[in-house]
Amino acid sequence: METRVFLVVLFVVCLILTLAIKARRASNFGALNPAMVCPHCNSKGLIRTKQVTNKKGISGGKATAAVLTAGFSLLATGLSRKETATQARCGICKNVWRF
């Protein structure tokens with residue numbers, strides 16, 4: 001009887017750990033996208049995607065505002081502009097790319 005209880009408790013703990021690992025993968029690498037194909041290994045269905053922001057160079061408008069306000073606008077906005085992109089990660093070969 002004690003062995004059965006131990007096995008049930010062990011099964012529940014393993015199930016909880018598995019669910020926690022899946023939730024962490026989804027938060028780190030995004031949700032599964034079954035329609036995408038990896039450009040590196042050509043696998044389909046195991047690609048995770050999420051929205052990310054990329055810093056792109058110096059924004060001309062922000063640089064002009066920094067000159068006109070003697071640099072005070074940089075405290076609020078910064079110089080680089082941010083663009084949103086989609087980051088994808090293959091679950092098989094671990095290749096990461098942005099588009």
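**Close-up views of a predicted model**

**View 1. C14, a partly exposed cysteine.** At C14 in this predicted model, the relative accessibility comes to 40%, so the residue counts as partly exposed. Partly exposed covers values between the buried limit of under 20% and the exposed limit of over 50%.

View 2. Let us turn to another cysteine. C90 takes part in no disulfide, and the nearest cysteine sulfur, which belongs to C41, is 3.7 Å away. A disulfide here would need two cysteine sulfur atoms within 2.5 Å. How many disulfides does the structure hold? The count is 0. Is C90 buried or exposed? With a relative accessibility of 0%, C90 counts as buried.

View 3. C93 sits in the loop that runs between β3 (80-90) and β4 (96-98). Its relative accessible area is 27%, so C93 is partly exposed. Which residues does C93 touch, once neighbours within four places in sequence are left aside? They are C38, H40 and C41. For one of these, C41, the C-alpha atom is separated from that of C93 by 6.8 Å, although the two residues are 52 residues apart along the chain.

**View 4. K56 in strand β2, with K82.** Here we look at a lysine pair. K56 belongs to strand β2, which spans residues 47-58. A relative accessible area of 36% makes K56 partly exposed. Between the C-alpha atoms of K56 and K82 there are 6.0 Å, while the chain places these lysines 26 residues apart.

Notes: Residues are numbered from 1 along each chain as its sequence is written. This is a predicted model: local features need pLDDT of at least 70, side-chain atom pairs count only at pLDDT 80 or more; totals for chains, interfaces and linings use all residues. Side-chain values use heavy atoms; hydrogens and water are left out. Helices (H or I, at least four residues) and strands (E, at least two) are DSSP runs, numbered from the N terminus. Buried means under 20% relative accessible area, exposed over 50%, partly exposed in between (1.4 Å probe, protein chains only). Contact means heavy atoms within 4.5 Å.
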